Amino acid sequence: MFLFPFFLAPLFHEMRVANDERAGIRKRRCSCTKDDFLPEQSFQSWGNYVQALKETPSRLMDRVTSRSLDSAELEVKARSQHEMKKTLTWWDLIWFGMGAVIGAGIFVLTGLEARNHAGPAVVLSYVVSGVSAMLSVFCYTEFAVEIPVAGGSFAYLRVELGDFVAFIAAGNILLEYVIGGAAVARSWTSYFATLCNHKPNDFRIYAHHLAQDYNHLDPIAVGVVIIICIIAVVSTKGSSRLNYVASIVHIVVILFIMIAGLTKADTKNYSDFSPFGPRGIFQAAAVLFFAYVGFDAVSTMAEETKNPARDIPIGLVGSMVITTTVYCLLAVTLCLMQDYRNVDVDAPFSVAFQAVGWNWAKYIVAAGALKGMTSVLLVGAVGQARYLTHIARTHMMPPWFAHVDQKTGTPVNATVTMMAATGIIAFFTELDILSNLLSISTLFIFMLVALALLVRRYYLAGVTTSGNRTKLVVFLLLILGSSITTAIYWALSDGWILYCITGPIWFLATLGLRLFVPHAREAKLWGVPLVPWLPSLSIAINIFLLGSIDRASFARFGVWTGLLLVYYFLFGLHASYDTAKEMEGRWRKIEEGTKSVDKGVAVNNQNSEPVAPA
């Protein structure tokens, strides 16, 4: 949480006017020379690098207070040498959305959380995490329509909260995808073992000399990752068609589970509905957020969507509504079929059918689960590569990763790199470690996107007065502070008194934002309804769920964030600074907002409705 002061730093920075001058962007061939990884001026010699390190404080301040433009994020697509092909429609996005989400979360974590934390009330855990995910979907949709690029939340945060916050988020986005893919790949092995009448660890290699939770090596998971990587590299449209087939089979199996499972329902299994109480429900909800991870991958496909303004809202919101409904029905079915104390944590649905005497049904369930997890891996491979591609376009990561193959129209280098990392993690690491760490990264990023949405609506350089900017900062700090305090109190205490203070503070801060700070702009094509209430609620819920995750996972999260900062201060800061300064001579300041005044009405260049000066 030490990063919160940086979130609002760009609001204090006086924005300068940029002109419309454009210049060609130098192309780089895809090769393995030094200039493909570190082409910037700071890395041309040791003397330059030492000088850059000496200037780290001033460069950091520049990056903390710099904000990108919608138009700048669209322009950097040229650094990939070739355009991604626009082949996707809302129909593709709905199936990609369901394919990205419905997988290991529902087929594995449902049993784990029902047995250990929530009991039959796991359905309420899915409702809580589903509401949080839906609020995030609204925020993502507005950004994706306005800024249809492959960078997803990285691009959105760069525009509204600045380079530094965007980089921290970018590192966690990449971590989210790598460990998410690794978790799904290991779950793939578990259900494959069930299909073959074996226990999950029968197909894994036990390494005595490695630490606990890292000593069951999974070569099958690595093989699956390699196959998915090849498919993702060949064609986005081909990936979409394969996803159709896998998702259709998956939906058929899910319908079978619900219909056949409910014929074996026993209401006695619901007699002790919430054995672990509210704390267990929310603790399970924090972990089960893993089950909703993946929808943000759909937003990264905006660059390849034919009509983003129409297709993205239908695709994102539609797939999330379907997914949440399916999750709740499956959770109810599982806990009606079998007492929560007897639920298997590795393959809960397969074992549940076996327990009620339908041994043959477990093969159908296992096959359906494999199809679903294959879809999740495929969509994740497509999405994570596009994140890395756009991050590399800004030179926060080496530009070699931004290369888009001319023949396939896909980011080959980024895809292969991310899937290689996924395969390595999947080979070693157990599912429970992966799921907790994944939930932290995801909730953290979704909270930032909601915060960025509020900044986008209420702050615009040259339009927002200094007084309104100050009020905005105060209200946002109150929203964040009350939410963090609530989460910490929830994690450390069983009391309730403090909630009577933090709850009203959050409500009054949101109300104050609504009444006393005028909108700086309105969404032109599609906007989040009930602003600021829905984004503020998204911030509060995401932070609250963070308070339900175990301390060990936060320690791992802290180590990862520390490694990100080391890389940023040694390489990413200087590469992105040099790139921005190179473009500054051409655009004066690519990173900052522009304005023009025509008859007393300020118009922003970022594809939003004009708003009269406040």
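A contact is taken here as a pair of residues with heavy atoms within 4.5 Å. In this predicted model, 85% of the contacts in the protein chain between residues at least 6 apart in sequence join residues at least 24 apart. The secondary structure of the chain comprises 23 helices and 4 strands. Of its 614 residues, 60% are buried. The chain exposes about 22300 Å², and 66% of this area is supplied by carbon and sulfur atoms.

One helix pair was examined in detail. Two packed helices are described by the angle between their axes and the distance between the axes. For helix α9 (residues 153-160) and helix α10 (residues 163-195), the axes come within 7 Å and cross at roughly 165°. Because angles over 145 degrees count as roughly antiparallel, α9 is assigned as roughly antiparallel to α10. The crossing of α9 past α10 is right-handed.

On the α9 side, the contact involves Ser153, Phe154, Leu157 and Arg158. These residues meet Asp163, Ala166, Phe167, Ala169, Ala170 and Ile173 in α10. By class, the residues of this contact divide into 7 nonpolar, 1 polar and 2 charged.

Helix α9 is mostly covered, with 8 of its 8 residues buried. The buried residues in α9 include the contact residues Ser153, Phe154, Leu157 and Arg158. Ala155, Tyr156, Val159 and Glu160 in α9 are also buried. Just after α9, Gly162 adopts a positive phi of about 95°.

Note on methods: Residues numbered from 1 in each chain as written. Predicted model: local features only at pLDDT ≥ 70, side-chain atom pairs only at ≥ 80, totals over all residues. Heavy atoms only, no water. Helix = DSSP H or I, 4+ residues; strand = E, 2+ residues; numbered from the N terminus. Buried < 20%, exposed > 50% of the residue type's maximum accessible area, 1.4 Å probe, protein only. Areas by Shrake-Rupley, 256 points an atom, 1.4 Å probe, with all protein chains shown as cover. Axes fitted to C-alpha atoms, helices over the stretch in contact; angles between N-to-C directions. Parallel < 35°, antiparallel > 145°, perpendicular 65-115°, else oblique. Left-handed = near helix turned anticlockwise from the far one by under 90°. Nonpolar A, V, L, I, M, F, W, Y, C, P; charged D, E, K, R; others polar.
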